Amino acid sequence: MECKRCNRQLKTQKSIDNGYGPTCKKKQEEADAEFLRIQITIDEELAYQEKVKR
Ligand SMILES: [Zn+2]
């Protein structure tokens, strides 16, 4: 089983369960949080445009 992010061999069962090594898991979580933050902003933007249209 390799890390989904860097393809290095995962050593612990916990990492295998996560699909990432500890460092990559943290980076992946940060990237997900950033994606979510952007996603929320886009949703708000769309909601605003919808409001303006009417
Ligand atoms: Zn990794």
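1. Helices (H or I, at least four residues) and strands (E, at least two) are DSSP runs, numbered from the N terminus. On this basis Cys3 is found in the segment before α1, and the chain has two helices and zero strands.

2. The model is a predicted one, in which local features need pLDDT of at least 70, side-chain atom pairs count only at pLDDT 80 or more, and totals for chains, interfaces and linings use all residues. Residues are numbered from 1 along each chain as its sequence is written.

3. The overall form should be noted next. The C-alpha trace of the chain spans about 55 × 15 × 15 Å along its principal axes. The radius of gyration of the chain is 18 Å, whereas a compact globule of 54 residues would have one near 10 Å. This radius is taken over C-alpha atoms, and the globule rule is 2.2 Å times the number of residues to the power 0.38.

4. Burial is judged by counting C-beta atoms, which are placed from the backbone: a residue is buried if 20 or more others lie within 10 Å of its own, exposed if 12 or fewer, and partly exposed in between. Of the 54 residues of the chain, 7% count as buried.

5. Helix α2 covers residues 22-53, which is 32 residues. From its first C-alpha to its last, α2 reaches 46 Å, close to the 46 Å expected at 1.5 Å a residue; the expected span is 1.5 Å times one less than the number of residues. Of the 32 residues of α2, the number buried is one, so this helix lies largely in the open.

6. Cys3 counts as buried because it has 20 C-beta neighbours inside 10 Å. Leaving aside neighbours within four places in sequence, Cys3 is in contact (C-beta atoms, placed from the backbone, within 7 Å) with Arg8, Leu10, Tyr20, Gly21 and Cys24. Cys3 and Gly19 are 16 residues apart in sequence, yet their C-alpha atoms are 5.6 Å apart in space.

7. Asn7 also lies in the segment before α1. Asn7 is not a glycine, although its phi is positive, at about 65 degrees. Asn7 is exposed, because 8 other C-beta atoms lie within 10 Å.

8. Gln13 belongs to helix α1, which comprises residues 13-18. Gln13 counts as exposed because it has 9 C-beta neighbours inside 10 Å. Between the C-alpha atoms of Gln13 and Met1 the separation is 10.0 Å, with the two residues 12 apart along the chain.

Definitions and conventions. Two residues are in contact if their C-beta atoms, placed from the backbone, lie within 7 Å.
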